[in-house]
Amino acid sequence: ADFRYLLNELEKLADIIYLESDSEYVIYHTLENKIMSNQSLKSLEEILDPAQFLRVHRSFIVNKSKITSLKSRDLFLSDIKIPVSDSYIEGVKKLF
């Protein structure tokens, strides 16, 4: 599925909690479901608005509006824990 099709399925980007890379697929995690796509996180990172989404790990992009806290190297989106890698930690800390 391509990005525009997925946006129609999701209705809006705000529905996305985070994106996760799983080998050659990306999983869109929303409040209600998971949608798989055969895109790379890198290509999505170039399309998504950096004011709304942030790369925090080679395997994760998060919706900034869903972030609730940062504890050490773990970012929390309510009860979901996302690891933050060394190369992205400074960008994440700027949010707090």
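Which residue in β5 does Y18 stand opposite? I looked, and Y18 faces V62 there. Strands here are DSSP runs of E with at least two residues, helices are runs of H or I with at least four, and both are numbered from the N terminus.

A note on the ground rules: this is a predicted model, where local features need pLDDT of at least 70, side-chain atom pairs count only at pLDDT 80 or more, and totals for chains, interfaces and linings use all residues. Residues are numbered from 1 along each chain as its sequence is written, and side-chain values use heavy atoms, leaving out hydrogens and water.

**Sheet.** I found that β1 and β5 run antiparallel and are joined by three bridges; pairing takes at least two DSSP bridges. They belong to an open, antiparallel sheet of five strands, ordered β3-β2-β1-β5-β4. β3 (34-37) and β4 each have a single partner, so one side of each lacks a neighbour in the sheet.

**Q39.** I then visited the loop between β3 and α2 (41-47), where Q39 is found. Q39 counts as buried because its relative accessibility is 15% (buried is under 20% relative accessible area, exposed over 50%, partly exposed in between; 1.4 Å probe, protein chains only). Its side chain makes polar contacts with those of Y28 at 3.2 Å and S37 at 2.9 Å (N or O pairs within 3.5 Å; within protein, one must be able to donate a hydrogen and the other to accept it, and residues adjacent in sequence count only if both atoms are side-chain atoms).
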